[in-house]
Amino acid sequence: MKAYTRGFMAELMAILAVVSWLGMAPSGSACELDYGEIGVTYARDGLDLIIPSEYEDLLLISTTQKQDDRLFSVSEKASVQAGKSVMENYDGMGWLFDIGRVNRTKLENMLCYDMSGVEVFAKDSQDSYYVLYHPTDVRYMRENNEAMVRDAWQWEMLTNWSYKEVCPDFILDNAGLKPIKYDNSVVGILLAQTAYRPDGFYSISSTKYRPVERGSFNSASYVERLICNAQYNRVEMEGTLDGDYITLNFPNEGVSLNFFLNDKKENLVQVVHSDGRADLYKGQFDDTTILTSELMEAWLAAISR
């Protein structure tokens with residue numbers, strides 16, 4: 001039987017709803033749709049991971065992970081078997097991804113450090129956050145080079161599915177989940193540390209006002225807007241940057257962030273290291289009304305009161 005995609009099924013349901021409203025649908029037609037044709041469902045803690053039917057036989061899926069925050073683990077079967085043929089305890093080959101769930105406290109701690117191989121992608125009404133864990137190296141393996149070449153297309157297909165479709169589909173398949181993401185660039189990490197590391201030290205100043213130390217000031221409301229559903233990407237510096245900016249200085253880390261204020265440099269952040277190196281980042285927000293300059297000016301005004 002054909003394995004229908006979620007998009008196809010959603011369109012078909014919309015058509016049937018209209019037909020039914022017009023009084024044209026045969027009795028019970030909507031109830032006869034076989035959602036099992038989308039894929040095989042794995043359940044854990046009230047959540048479903050639906051594996052597309054065409055991939056099911058190629059994968060190994062576990063719902064009994066040792067780590068408390070891991071719910072599902074998915075690996076390519078052939079790579080796992082190839083690894084085991086070399087050494088029975090050879091773990092990790094074929095791993096594609098895990099889906100985990102963390103509470104707010106753990107999320108805040110994670111955001112303060114490099115999260116390579118970790119992507120926050122959803123949250124629920126209980127303030128739990130859903131995370132995709134994935135390898136940062138290649139876990140593809142076969143018994144010989146000929147087999148490696150032969151099956152490369154399969155590994156590419158499964159990794160593309162893992163990175164592009166798993167998270168959106170998981171949100172769609174589990175009621176109450178809302179998409180969310182967090183920046184974890186050097187800009188995002190340093191911003192998170194101002195709010196979520198009580199022992200972290202920083203000062204804030206501008207080209208017009210002297211530095212103000214953090215004291216007991218709570219920067220979380222500003223940080224959340226600056227790193228939630230946001231992304232800071234490296235951009236090339238064109239000439240010398242000038243103009244007004246607000247600086248977050250982290251003397252213990254030997255780095256500072258300059259947030260430019262003038263319109264032509266909107267959402268630009270310069271990362272300046274103590275050895276003189278400087279990198280330029282540009283912030284992009286899902287909410288296009290957010291401006292880093294406005295948030296940083298409000299932060300400076302609030303902490304200076």
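Helix 8 and helix 9 run roughly antiparallel to each other, a label for angles over 145 degrees. The angle between them is about 160°, and their axes sit 9 Å apart. Axes here are lines fitted to C-alpha atoms, for helices over the stretch in contact, with angles from 0 to 180 degrees between N-to-C directions. Helices themselves are DSSP runs of H or I with at least four residues, strands are runs of E with at least two, and both are numbered from the N terminus. Helix 8 covers residues 186-196 and helix 9 covers residues 220-227.

A quick word on the model: it is predicted, local features need pLDDT of at least 70, side-chain atom pairs count only at pLDDT 80 or more, and totals for chains, interfaces and linings use all residues. Residues are numbered from 1 along each chain as its sequence is written, and side-chain values use heavy atoms, leaving out hydrogens and water.

Back to the helix pair: helix 8 passes helix 9 in a left-handed crossing (the near helix is turned anticlockwise from the far one by less than a right angle). On the helix 8 side, the contact (heavy atoms within 4.5 Å) uses Gly 188, Leu 191, Ala 192, Thr 194, Ala 195 and Tyr 196. Helix 9 brings Ala 220, Val 223, Glu 224, Leu 226 and Ile 227. By type, that contact splits into 8 nonpolar, 2 polar and 1 charged. The classes go like this: Ala, Val, Leu, Ile, Met, Phe, Trp, Tyr, Cys and Pro are nonpolar, Asp, Glu, Lys and Arg are charged, and the others, Gly among them, are polar.

Now for the charges. The whole structure has 16 salt bridges, each a side-chain nitrogen of Lys or Arg within 4 Å of a carboxyl oxygen of Asp or Glu. Some examples:

| Pair | N to O distance |
|---|---|
| Asp 69 and Arg 70 | 3.6 Å |
| Asp 286 and Lys 181 | 3.4 Å |
| Arg 197 and Asp 199 | 3.3 Å |

Asp 286 sits in the loop between strand 15 (278-285) and helix 10 (292-303), and Lys 181 in the loop between strand 8 (178-179) and helix 8, so this pair ties together parts 105 residues apart in sequence.

Asp 69 and Arg 70 are both buried. Asp 286 is exposed at 51%, while Lys 181 is partly exposed at 33%. Arg 197 is buried at 18%, whereas Asp 199 is exposed at 58%.

Finally, Asp 69 and Arg 70 join Asp 98 and Lys 106 in a network of salt bridges.

Terms used: Angles under 35 degrees count as roughly parallel, over 145 as roughly antiparallel, 65 to 115 as roughly perpendicular and the rest as oblique. Buried means under 20% relative accessible area, exposed over 50%, partly exposed in between (1.4 Å probe, protein chains only).
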